[in-house]
Every structure is written in C-alpha cells, then in structure tokens.
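Please keep the sequence and the model in view while reading.

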Amino acid sequence: MSATGHRKARPNDDFFHRRLANPIMRRIAGHLPGQAVLETTGRRTGLKRRTPVGGKVRDGSFWMVSNHGTGSDYVRNMQADPRVRVQVGSRWRTGTAHLLPDDDPRERLRHLPKFNGLMVRLMGSDLLTIRIDLDPLPRDSS
C-alpha cells in the first residue's frame with residue numbers, strides 16, 4: 001500500500017501502459033468499439049494529456065472505471081480540473097468529470113464493454129467509477 005492507502009501499480013503494468021499500449025491505443029482507441037481517448041489538462045504542466053480508456057456513453061454521460069483510482073495521473077488531473085474532452089468514434093465531446101467513490105465499480109463494469117472490463121479487473125489495483133457529464137451537442141443552425 002502507498003502512503004495514501006492505495007495499492008501501487010505494478011512496475012510491469014506501468015511500463016506496459018506507458019511505453020507499449022498507450023502510444024498505440026491513443027491513435028486508434030477513439031475508433032474502436034468500447035474504447036475512447038480521454039483528454040485532461042496536466043495538473044502541474046497545464047499541457048493537454050491524452051489517455052486511451054474504455055467506457056460507454058449512456059444517457060448523456062460517458063461512464064468508465066479507472067483501474068488504479070486516484071493513483072492514475074489522469075484521475076489526479078481530473079481532480080485538479082474536471083473539464084475534459086472524450087473522443088468516441090470520430091467525434092470529440094467536452095464534459096465535466098465526476099469521481100464516484102461510492103459507486104460499485106465491479107457492478108459498473110458489468111454495464112461497460114466486456115473486453116475493457118476484463119482488463120480492468122485483471123490489472124486493476126484500486127477501481128474507481130468515473131462519470132463524465134457531456135456537454136450538449138451544438139444545434140445545427142441550418
């Protein structure tokens with residue numbers, strides 16, 4: 001456990017995500033079923049950070065489960081600035097992220113894409129549900 005009470009990610013898991021999976025998935029995730037790209041603002045640098053994630057749009061919100069909870073950089077970025085963007089398919093949507101520590105993430109995974117849910121269960125150390133309330137799409141002015 002870390003000083004914050006969370007299990008630390010395994011070094012191999014960190015290497016796998018940062019060096020292998022994320023660079024590839026950032027390019028294609030937004031176009032794969034059940035996958036998306038999450039864009040946060042870096043809490044220290046102010047730079048835009050893109051992370052491939054799994055999840056699903058439901059009732060105007062994008063739902064996802066973080067496999068390392070507040071140990072994930074993108075979650076800490078959302079805590080500092082909850083305004084985010086999510087690419088699902090070819091469309092980018094803006095929204096506001098809400099961390100839901102009282103939600104049951106394992107139950108939530110049952111309603112999200114199965115492959116991603118399996119990976120989160122296998123590699124996760126501190127599951128956390130996140131809901132991103134998406135801004136309404138602009139109306140067509142024609």
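Strand 3 (residues 56–58) pairs with strand 4 in the antiparallel sense, over three bridges. Strands here are DSSP runs of E with at least two residues, helices are runs of H or I with at least four, and both are numbered from the N terminus. Two strands count as paired if DSSP finds at least two bridges between them. Val-57 stands opposite Phe-62 in strand 4. The two strands form a hairpin with two residues between them. In the turn, Asp-59 has a positive phi of about 55°.

The model is predicted: local features need pLDDT of at least 70, side-chain atom pairs count only at pLDDT 80 or more, and totals for chains, interfaces and linings use all residues. Residues are numbered from 1 along each chain as its sequence is written, and side-chain values use heavy atoms, with hydrogens and water left out.

Strand 4 covers residues 61–66, and six of its six residues are buried. Buried means under 20% relative accessible area, exposed over 50%, and partly exposed in between (1.4 Å probe, protein chains only).

In a regular strand, side chains alternate between the two faces of the sheet. Ser-61, Trp-63 and Val-65 point one way from strand 4. Phe-62, Met-64 and Ser-66 point the other way. Strand 4 also pairs with strand 7 (residues 128–134), again antiparallel, over six bridges. There, Ser-66 has Leu-128 as its bridge partner.

## The cavity

Which residues line the largest cavity? They are Lys-56, Arg-58, Trp-63, Arg-108, His-111 and Leu-112. By class, that lining has two nonpolar, one polar and three charged residues. Ala, Val, Leu, Ile, Met, Phe, Trp, Tyr, Cys and Pro count as nonpolar, Asp, Glu, Lys and Arg as charged, and the others, Gly among them, as polar.

The structure holds one cavity of 30 Å³ or more. The space in the largest cavity is about 30 Å³. A cavity is a set of points, on a 1 Å grid over the protein atoms alone, where a 1.4 Å probe fits but cannot get out; lining residues have an atom within 4 Å of a point.

## The whole chain

The protein chain has four helices and seven strands. From the N terminus on, its elements run α-β-β-β-β-α-β-β-α-α-β. Of its 142 residues, 39% count as buried.

Technical notes
1 Å grid on protein atoms, 1.4 Å probe; cavity = no way out; pocket = protein on both sides within 12 Å on 5 of 7 lines; lining within 4 Å. Points joined across faces, edges and corners; volume = space filled by probe spheres on them.
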